[in-house]
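Dear colleague,

I am passing the structure below on to you, together with some notes on what turned up in it. Please read the notes with the coordinates open beside them.

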Amino acid sequence: MLDWLNTHIAYWHWLVLGLLLVTAEIFVSGFVLFWFGLAALLMGVLLLVVDMPIAMQLLLWAAGSIAALLLWLKFIKPKWRDRTTAGMAAEALYGQVGMVIESNAGKSRGKLKFPAPILGEEEWLFICTDDIAVGERVKVGKISGNTLIVTAA
């Protein structure tokens, strides 16, 4: 009944499993399979050094996978920059309201900041025909290259 516990799994089995799981992450969203694949790769490397029964291998792989996933969710993922609008078309900027953080008074351009990143950036250069003071809100009307053309909001 528990004959599979006597099965021998070589180090390269874990390496293949790890590579398959890491590769499968390309097709699945969530960045979860990567950690299971990484744990399998580490298990393969560990088996090169230490021989252990399959039950111990599976236990260590499961514990390593869950620990890596929890560390990712708790410490690493929250620090990643929020790019929820990254990859959107430039038209996503039209009508957005931002706050001026560097005035354009006496210069050709100023700098504004959006509350959340738009197209992967929080801060943008802007052009406005009027002088805009720091702290004022502006609304995006057009885009000229990488510079926004704004009006007072």
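**A serine in a loop, and what surrounds it**

Ser103 sits in the loop that leads from strand 1 (97-102) to strand 2, where helices (H or I, at least four residues) and strands (E, at least two) are DSSP runs, numbered from the N terminus. Before going further, please note that this is a predicted model, in which local features need pLDDT of at least 70 and side-chain atom pairs count only at pLDDT 80 or more, while totals for chains, interfaces and linings use all residues. Residues are numbered from 1 along each chain as its sequence is written, and side-chain values use heavy atoms, with hydrogens and water left out.

Ser103 has a relative accessible area of 18% and is therefore buried; buried means under 20% relative accessible area, exposed over 50%, and partly exposed in between, with a 1.4 Å probe and protein chains only. A polar atom of the Ser103 side chain lies 3.0 Å from the backbone nitrogen of Ala105. Neighbours within four places in sequence aside, Ser103 is in contact with Arg109, Gly110, Ile132, Ala133 and Val134, contact meaning heavy atoms within 4.5 Å.

**Strand pairing**

Strand 2 (residues 110-118) pairs with strand 3 (residues 121-127) in the antiparallel sense, over 5 bridges; two strands pair if DSSP finds at least two bridges between them. Within this pairing, Lys113 has Glu123 in strand 3 as its bridge partner. The hairpin of strand 2 and strand 3 has 2 residues between the strands, and in this hairpin Leu119 takes a positive phi near 55°. Strand 3 is also joined by 3 bridges to strand 5 (residues 147-152), with the two running parallel, and here Leu125 has Thr147 in strand 5 as its bridge partner.

**Salt bridges**

Side chains of opposite charge can pair when their charged atoms come close. The whole structure holds 3 salt bridges, a salt bridge being a side-chain nitrogen of Lys or Arg within 4 Å of a carboxyl oxygen of Asp or Glu. One of them joins Lys111 to Glu123 at 3.9 Å, N to O; because Lys111 lies in strand 2 and Glu123 in strand 3, this pair ties together parts that are 12 residues apart in sequence. Lys111 is partly exposed at 25%, and Glu123 is partly exposed at 36%.

Another salt bridge joins Glu122 to Lys113, again with an N to O distance of 3.9 Å, and here Glu122 has a relative accessible area of 25%, while Lys113 has 33%. Glu102 and Lys107 also meet in a salt bridge, at 3.2 Å, N to O; Glu102 is partly exposed at 35%, as is Lys107 at 43%.

**The helices**

Gln57, in helix 3 (residues 54-76), is buried at 1% relative accessibility. Not counting residues up to four places away in sequence, Gln57 touches Ile9, Trp14, Met43, Leu47 and Met52.

A nonpolar patch on the surface, with about 1,000 Å² of accessible area together, includes Tyr11, Trp12, Leu46, Val49, Met56 and Leu60 among its residues. Patches are made of residues with over 30% relative accessible area and no salt bridge, with like charges joined within 9 Å and nonpolar side chains (Val, Leu, Ile, Met, Phe, Trp, Tyr) within 5 Å; accessible areas come from the Shrake-Rupley method with a 1.4 Å probe, and for residues only the protein chains shown count as cover. Helix 1 (11-24), helix 2 (33-49) and helix 3 each give two or more residues to the patch, and helix 1 gives the most, with 4 residues. Tyr11, which lies in helix 1, is partly exposed, with a relative accessible area of 36%.

With best wishes

Technical notes:
A polar contact is a pair of N or O atoms within 3.5 Å; within protein, one must be able to donate a hydrogen and the other to accept it, and residues adjacent in sequence count only if both atoms are side-chain atoms.
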